[in-house]
Amino acid sequence: MPESGVVTLPATSIARRHRAGWWSTHQRRLVPYLFIAPNIVLFAAFSFLPLIYAVYISFHDWTLIGEPDFIGIGNYQRLVYDSLFWRALANTLVYAVGTVPTSMAIGLLLALALNRHMPARSFLRSLYFLPLVVSAVATGTIAAWMFNDNYGVINAIIVRLGGSRVAWLSSPYWALPSLVLTTLWVRVGFCMVVYLAALQSIPRMYYEAARIDGASAVRQFRHVTLPLLKPATFLLLVLSIIYSFHVFDLIYVMTGGGPGFSTTMLVQYIFRSAFVTSEMGYACAVGIALYALILGFTVLQWRASRQTENVM
Amino acid sequence: MATRRHFADSACWLGLIAGAAVMVFPIYWMFATAVRPHAEIFEAIARLVPSSLSWSNFHTVLTRYPVLTWVNNSVIIAVVAVALTVFINLLCGYTFAKFRFPGRNILFFAILGALMVPIQVILVPEFLIVSWLGLLNTHLGVILPRAAEAFGIFMVRQFMVSIPDELIEAARLDGAGEFTIFFRVVLPLSKPIIAVLVIFTFMWRWNDFAWPLVALTDQDMFTLPLGLNLLRGEVNPDWGNVMALALLSLLPMLVIFLAFQRYLVQGIASTGLK
């Protein structure tokens, strides 16, 4: 490292130390707090305070106009009996189940295939990775156009192949599958990149040793590759579940939560309660419920991953 | 045996090419829709290749909507957010990597924990706080709530842990102030992580939607994603126009993708962020 020039600093800074007595004696102790201060202030104002405030509002009935009415746990009671809330929760879980294992499995297959030597390998990798830079709004817009019932290219291809048109986005039955397919397009490249990095970090000698022991390719995969991909799998599982619970932009643009409530996820329901039906207290209560759900999942994942790490 | 293996490799390769074609097709289709003659867009047979190139959609979008204003807003928000976020996250990540101080662990977990709160959970209070500050419909109102980025802090910390303590101590013995050390010793060694941080922060802010949707209601303050959502949400969206705007909004990201792909892959591979 060519850092020898950096550590010999100009004499002025030494002179400064003698001048600023108080600062130089306290610098070591105060500097860490000074350096993290901007983040702490922003974090307090825009994350911590809103979270507390959301809990407060969730105990009130409030339309933004006038004073909030304290109603105790009224919003949470309502939540238990609100069939739309359960519908949104069920949609969220179905969406997670539809997207998380599939995107990870396809990502793993792609990573395994693209980890071998072949012509145009890095070019192919790039193409699978491309959707990651496309905004969710653009993705939703393109998907809405491609899945369009009358003029969409997907129905045109189906018709040309001799099938009949599918009412992708206008039927409550097909809207969620359309969303899942679009999400797979977005996510497989991400899973592929994480798995590729994990594959590349496996030392070659493990495979050589397995080969000397006479292990077949299938056994090498089962007993060398798969166990060593475990950390990447856990990371992807956590991130993908969190992603599927958060996804808002794509659905807002592609289906708006409809038709009916067939693609309304919890985050859509929060947005709708707050900015369409103006029930701030209820929106916050749903938000707190979602946060509890995400925290619960994250803690479960974390404990599970720690246990397996201890076993390994 | 060798030929069969060769055959399997070729089949795998062709399968990968077919898959890659599926991945690229939506982007191509956006382009094809944006540049085809208007009458052709609503032909039910959906020609794969436009019969001729027409730039009229771009012309219509640019003249009928304040697209340049939206571009301007997007650029200002993304650039200021990158400068602010990258700087304070570098400072914060460096501190957590290289300083021991009372409250360090609690603060670190508090930052990570609270910043992982999804924006939708705190949408209402966030909206109220920003409106109290008088920042609704301003660039700052979009930038400040997302300026402290948990992934950024985490990533910087991971990177800076591996900077040798001896370099920092040597500079201290030479009498260098802490700011001097940060700017002259630590930052020059952190160029790779700075590049990753700049690229990801730009991408996040350029593509942001949920928070700007709430914080910006005035059409002249819209960013490109909000403008795109506006066009797409019209009763009978003109898909040619919509795709032209989608393509415009995607261009900077495509350039970044082509120029800095290595950093994108590195960022994802090292911390699994997106």
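Colleague: How many helices and how many strands are in chain B?
Modeller: Secondary structure here means DSSP runs, with helices (H or I) of at least four residues and strands (E) of at least two, numbered from the N terminus. Read along the sequence, chain B goes α-α-α-α-α-α-α-α-α-α-α-α-α-α. The count for chain B is 14 helices and zero strands.

Colleague: Is this model predicted, and how should I read the numbering, or rather, what are the ground rules?
Modeller: Residues are numbered from 1 along each chain as its sequence is written, and chains are lettered from A and ligands numbered from 1 in the order in which they are written. This is a predicted model, where local features need pLDDT of at least 70, side-chain atom pairs count only at pLDDT 80 or more, and totals for chains, interfaces and linings use all residues.

Colleague: What average pLDDT does chain B have?
Modeller: pLDDT is the predictor's confidence in each residue, from 0 to 100. For the complex, the predictor gives an ipTM of 0.86 and a pTM of 0.84. In chain B, 95% of the residues score at least 70, and the average is 85.

Colleague: Why is chain B described as more spread out than a compact globule?
Modeller: Along its principal axes, the C-alpha trace of chain B spans about 75 × 70 × 35 Å. The radius of gyration is taken over C-alpha atoms, and the globule rule is 2.2 Å times the number of residues to the power 0.38. For 274 residues that rule gives 19 Å, so chain B is more spread out than a compact globule, its own radius of gyration being well over that value, at 24 Å.

Colleague: How far apart are the centres of domain 1 and domain 2 of chain B?
Modeller: Domain bounds come from an automatic or database domain assignment, which divides chain B into domain 1 (16-54) and domain 2 (67-271). Six residues of domain 1 of chain B are in contact with six of domain 2 of chain B, where contact means C-beta atoms, placed from the backbone, within 7 Å. Taken over C-alpha atoms, the two centres are separated by 33 Å.

Colleague: What separates the centres of the two domains of chain A, in Å?
Modeller: In chain A the assignment gives domain 1 (4-58) and domain 2 (76-311). Four residues of domain 1 of chain A are in contact with six residues of domain 2 of chain A. Their C-alpha centres lie apart by 39 Å.

Colleague: Which helix of chain B gives the most to the side that touches chain A?
Modeller: Between the chains, 76 residues of chain B are in contact with 75 residues of chain A. The chain B side has 59 nonpolar, 11 polar and six charged residues; Ala, Val, Leu, Ile, Met, Phe, Trp, Tyr, Cys and Pro count as nonpolar, Asp, Glu, Lys and Arg as charged, and the others, Gly among them, as polar. With 13 residues, the one that gives the most is helix α14 (residues 239-271) of chain B.

Colleague: Is R125(A) buried or exposed?
Modeller: A residue is buried if 20 or more other C-beta atoms lie within 10 Å of its own, exposed if 12 or fewer, and partly exposed in between, with C-beta atoms placed from the backbone. R125(A) sits in helix α6 (residues 121-129) of chain A. Because 22 other C-beta atoms lie within 10 Å, R125(A) is buried.

Colleague: Which residues of chain B does A113(A) touch?
Modeller: A113(A) belongs to helix α5 (residues 83-114) of chain A. With 18 other C-beta atoms within 10 Å, A113(A) is partly exposed. Not counting residues up to four places away in sequence, A113(A) touches C12(B) and L16(B).

Definitions and conventions: Contact = placed C-beta atoms within 7 Å.
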